[in-house]
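Dear colleague,

Please find below the sequence and the structure that I am handing over to you. My notes on what was found follow directly after them.

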Amino acid sequence: MTTPTALPDADTTARLVELAASLAREAGALVRDGRPDQVDVAATKSSPIDVVTERDLASEALLRSLLARHRPDDGILGEEDEPVAGTSGLTWVLDPIDGTVNYLYGIPAYAVSVAVVAGPPVPERWTAVAGAVHSVSDGRTYTAGRGLGAACDGRALRANPPRPLAESLVGTGFAYTAQRRGEQATILAELMPHIRDVRRIGSAALDLCSVAAGNLDLYYERGLKPWDLAAGALVAAEAGAVVGGLHGAPAGETMTVAGPRGSVERLVAFLEEHRATDCA
Ligand code: IPD
Ligand code: CA
Ligand code: CA
């Protein structure tokens with residue numbers, strides 16, 4: 001049996017929130033100032049539409065170099081480079097640009113997501129300690145610390161009160177692989193008649209922060225990677241939203257659902273009924 005990692009106290013957590021926010025802003029400045037008029041694809045990953053730009057790589061390299069200076073004992077799990085094992089029990093989980101397709105097309109919904117988690121760096125098993133999502137285009141920074149609440153530029157965030165599914169604005173996203181996104185679209189088509197409307201913002205981190213800020217009532221997505229949800233899920237949870245999976249599972253790659261208690265259950269029930277975790 002492994003010994004559980006001790007969680008940082010409130011003062012340390014608050015300092016980690018500040019650090020996460022300053023790292024996300026610094027990387028955000030690099031992303032914003034370095035955006036050429038025409039952004040090129042540097043590489044592709046899981047499919048031809050899963051793209052990486054030179055700024056994804058530069059942003060992650062900057063975050064890693066700042067962490068090496070400020071938190072040399074912590075581990076790192078980032079989207080664009082190899083994991084680094086730490087000795088402190090804390091791991092930084094980095095998405096150097098969440099919303100790369102938006103970045104590529106000049107659509108302003110992209111963010112830098114920085115979180116620090118305790119325990120194994122796996123969403124179903126970690127305890128998120130602190131996180132920041134910096135929305136590069138409008139300069140907003142969403143932050144949260146475990147037990148300390150969530151804020152946007154210092155203003156406390158609160159998710160919407162529960163409302164019927166039929167009056168709920170729902171965010172979601174699609175995988176990069178053709179088969180899975182086809183199946184996801186089928187489930188969404190069945191959900192559409194039961195909700196107010198749907199938004200596909202293109203950044204899971206900003207989707208989760210939108211639930212925290214009340215700009216979305218509900219959000220769900222299958223296939224999120226640890227870096228997509230680490231900071232945003234903490235922001236949503238600290239703003240009072242319930243964040244989890246289906247069939248009582250924690251949020252993770254299999255499924256992430258977020259929203260106010262009293263309405264999130266209806267979306268969970270719909271997704272369970274439509275076997276949303278059985279798709280490719
Ligand atoms: C993607 C975005 C998108 C979500 C995908 C993610 P990336 O992250 O968060 O909204 O639907 O599942 O992979 O590739 O832009 O970092
Ligand atoms: Ca991402
Ligand atoms: Ca990314």
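Ser168 sits in the loop between β9 (155–156) and β10 (169–172); helices here are DSSP runs of H or I with at least four residues, strands are runs of E with at least two, and both are numbered from the N terminus. With a relative accessible area of 0%, Ser168 is buried (buried means under 20% relative accessible area, exposed over 50%, and partly exposed in between, with a 1.4 Å probe and protein chains only). A polar atom of the Ser168 side chain lies 3.0 Å from the backbone oxygen of Pro164. Such a polar contact is a pair of N or O atoms within 3.5 Å; within protein, one must be able to donate a hydrogen and the other to accept it, and residues adjacent in sequence count only if both atoms are side-chain atoms.

Please note that this is a predicted model, in which local features need pLDDT of at least 70 and side-chain atom pairs count only at pLDDT 80 or more, while totals for chains, interfaces and linings use all residues. Residues are numbered from 1 along each chain as its sequence is written, chains are lettered from A and ligands numbered from 1 in the order in which they are written, and side-chain values use heavy atoms, with hydrogens and water left out.

Gln184 belongs to helix α4 (residues 178–191) and is buried, at a relative accessible area of 8%. A polar atom of its side chain lies 2.8 Å from the backbone nitrogen of Ala175.

I turn next to the calcium ions. Asp95 (OD), Asp98 (OD) and Asp228 (OD) coordinate the calcium ion (ligand 2) at 2.1 to 2.2 Å, and their spacing in sequence is D-x2-D-x129-D. Donors are N, O and S atoms within 2.8 Å of the metal (3.2 Å for Na, K and Ca); water is not among the atoms, so sites may look incomplete. Both Asp95 and Asp98 are buried.

Asp95 also bridges ligand 2 and the calcium ion (ligand 3), the two ions lying 3.7 Å apart. Distant parts of the chain are linked here: Glu79 lies in the loop between β3 (75–78) and β4 (90–98), and Ile97 lies in strand β4, 18 residues apart. Glu79 is partly exposed, with a relative accessible area of 23%, whereas Ile97 is buried at 2%.

Finally, which residues are the closest to ligand 1? They are Asp98, Gly99, Tyr176, Ala204 and Glu221, among 16 residues that surround this ligand; a residue is near a molecule if one of its heavy atoms lies within 4 Å of it. By class, the shell has five nonpolar, five polar and six charged residues (Ala, Val, Leu, Ile, Met, Phe, Trp, Tyr, Cys and Pro count as nonpolar, Asp, Glu, Lys and Arg as charged, and the others, Gly among them, as polar). Strand β4 supplies the largest share of the shell, three residues.

Oxygen atoms of ligand 1 lie 3.2 Å from a polar backbone atom of Ile97, 2.7 Å from one of Gly99 and 3.0 Å from a backbone N or O atom of Ser203.

With kind regards
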